[in-house]
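Please read it beside the sequence and coordinates.

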Amino acid sequence: MAKGYQLFQATMVLAYAVALVGLNILTGYSGQISLGHGAFFAIGAYAAGILMDRAGLAYWLAVPAAGLVSLAAGYLFGRPALRLEGLYLALATFALGVAMPQLLKYRHLEAWTGGVGGIVLTKPEAPWGLPLDADQWFYLYALAVAALLFWMAHNLIDSGSGLSLRAIRDHAMAAEAMGVDNAHCKSMAFAISAGYTGVGGALSAIAVQFVAPDSFTMFLSISLLVGVVVGGVGTLWGALFGALFIMFIPGLAEQVSKAAPWAVYGTVLIVFMFAMPGGVMGLLHRLGRPGRPGLHLPRQRPRA
């Protein structure tokens, strides 16, 4: 099995993938745009950090608890935000993403958040005497959590609730006329999306073994949205490709040009969008179905 930094990278890919599944439930399946999901990533990370460091809670309980905290925060934010749509909702979530690092530095919360200094965490050791180091064990734990959440998201999307979300995305007025409770469905989509993102943040915090306000800048929210688009909007497995993009492309861009890494990053992103307008999953879908039978009419013989 791989060790050290490779396992850390793999664990971070899983954490980002879980967060991207959550954002895709909101954006890809219910049609709501969020530019501030980095805030819920931060809430999950800090919830896990506080529960582990301050309350002494075990990591395997802190991760789902962080998801629940983020789910509640998402519902509380999403319910009143339902009055906003499109760009106005995007601006509201953008404001949340911008404000979150400052809120985490608020002096009256320093006893919990650690202020600018953040919280230092310890990566859990393998239980039951298993011959695994901390990196190997936590990677396996993150893999199990990610597999469970992917399965739950798949079941949600294939259920009646998932059909309602897609109906709202495609035509909200028609969905409501058919008996769909738009307000409830949108609120729950926002809450579930935030819960998934919070679990991703919790896994990331334990993998990095540190949380600080400056780790959750607005660029994180933008990166999550980029990951959704690169992987494929409205797809589950696209989250893995989007997570790989988030994890590795900035580093590769810096290797190409240390003077202007973000120019390289932007160029790569533009190339991705032109080459794969439907994301990686859209490209794979087209390659898997190069043509459909019955679309080509037989050639007619010329009349004499």
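A residue is called buried under 20% relative accessible area, exposed over 50%, and partly exposed in between, with a 1.4 Å probe and protein chains only. By that scale Trp128 counts as exposed, at 74% relative accessibility.

The model is predicted: local features need pLDDT of at least 70, side-chain atom pairs count only at pLDDT 80 or more, and totals for chains, interfaces and linings use all residues. Residues are numbered from 1 along each chain as its sequence is written, and side-chain values use heavy atoms, with hydrogens and water left out.

**Confidence**

- The average pLDDT (the predictor's confidence in each residue, from 0 to 100) is 88, and 94% of the residues score at least 70.
- Residues 292–304 have a pLDDT below 50, and beyond near neighbours in sequence this stretch has zero contacts in the model; a contact means heavy atoms within 4.5 Å.
- Where pLDDT is low, the predicted coordinates should not be read in detail.

**Largest pocket**

- On a 1 Å grid over the protein atoms alone, a pocket is an open set of points with protein on both sides within 12 Å along at least five of seven lines, a cavity is a set where a 1.4 Å probe fits but cannot get out, and lining residues have an atom within 4 Å of a point.
- Grid points are joined across faces, edges and corners, and a volume is the space filled by probe spheres set on the points.
- The largest pocket has a volume of about 640 Å³.
- Its lining consists of 28 residues, with Met12, Tyr16, Leu220, Ile246 and Met247 nearest the centre.
- Helices (H or I, at least four residues) and strands (E, at least two) are DSSP runs numbered from the N terminus; α1 (5–27), α9 (182–208), β2 (210–211), α10 (218–231), α11 (238–256) and α12 (261–275) each supply at least two lining residues.
- The most comes from α11, with eight residues.
- By class, the lining holds 20 nonpolar, seven polar and one charged residue, where Ala, Val, Leu, Ile, Met, Phe, Trp, Tyr, Cys and Pro count as nonpolar, Asp, Glu, Lys and Arg as charged, and the others, Gly among them, as polar.

**Second largest pocket**

- The second largest pocket has a volume of about 400 Å³.
- It is lined by 17 residues, and Leu149, Met152, Gly195, Tyr196 and Val199 are the closest to its centre.
- α3 (59–81), α6 (134–158) and α9 each supply at least two residues of this lining, and α6 has the largest share, eight residues.
- The lining of the second largest pocket divides into 15 nonpolar, two polar and no charged residues.

**Cavity**

- The structure holds one cavity of 30 Å³ or more, and the space in the largest cavity is about 30 Å³.
- Leu7, Phe8, Thr11, Lys123, Asp135, Phe138, Tyr139 and Ala207 form the lining of the largest cavity, to which α1 and α6 each supply at least two residues.
- Five of these lining residues are nonpolar, one is polar and two are charged.

- The expected span of a helix is 1.5 Å times one less than its number of residues; α1, with 23 residues, reaches 32 Å from first to last C-alpha, close to the 33 Å expected.
- α1 is mostly covered, with 19 of its 23 residues buried.
- The end C-alpha atoms of α10 are 20 Å apart, which agrees with the 20 Å that its 14 residues should span.
- Because eleven of its 14 residues are buried, α10 is largely enclosed by the rest of the structure; among the buried residues are Leu220, Leu224 and Val228.

**Individual residues**

- Ala66 lies in α3 and is buried, with a relative accessible area of 0%.
- Not counting residues up to four places away in sequence, Ala66 touches Gly44, Ala47, Ala48, Gly198 and Ala202.
- Trp137, in α6, is buried with a relative accessible area of 13%.
- Trp137 and Thr11 are 126 residues apart in sequence and 10 Å apart in space, C-alpha to C-alpha.
- Among the residues that Trp137 touches beyond four places in sequence are Tyr59, Pro124 and Trp128.

- Most residues other than glycine have a negative phi.
- Trp128, in the loop between β1 (119–120) and α6, has a positive phi near 55 degrees.
- Gln209, in the loop between α9 and β2, has a positive phi of about 70 degrees and is partly exposed, with a relative accessible area of 31%.
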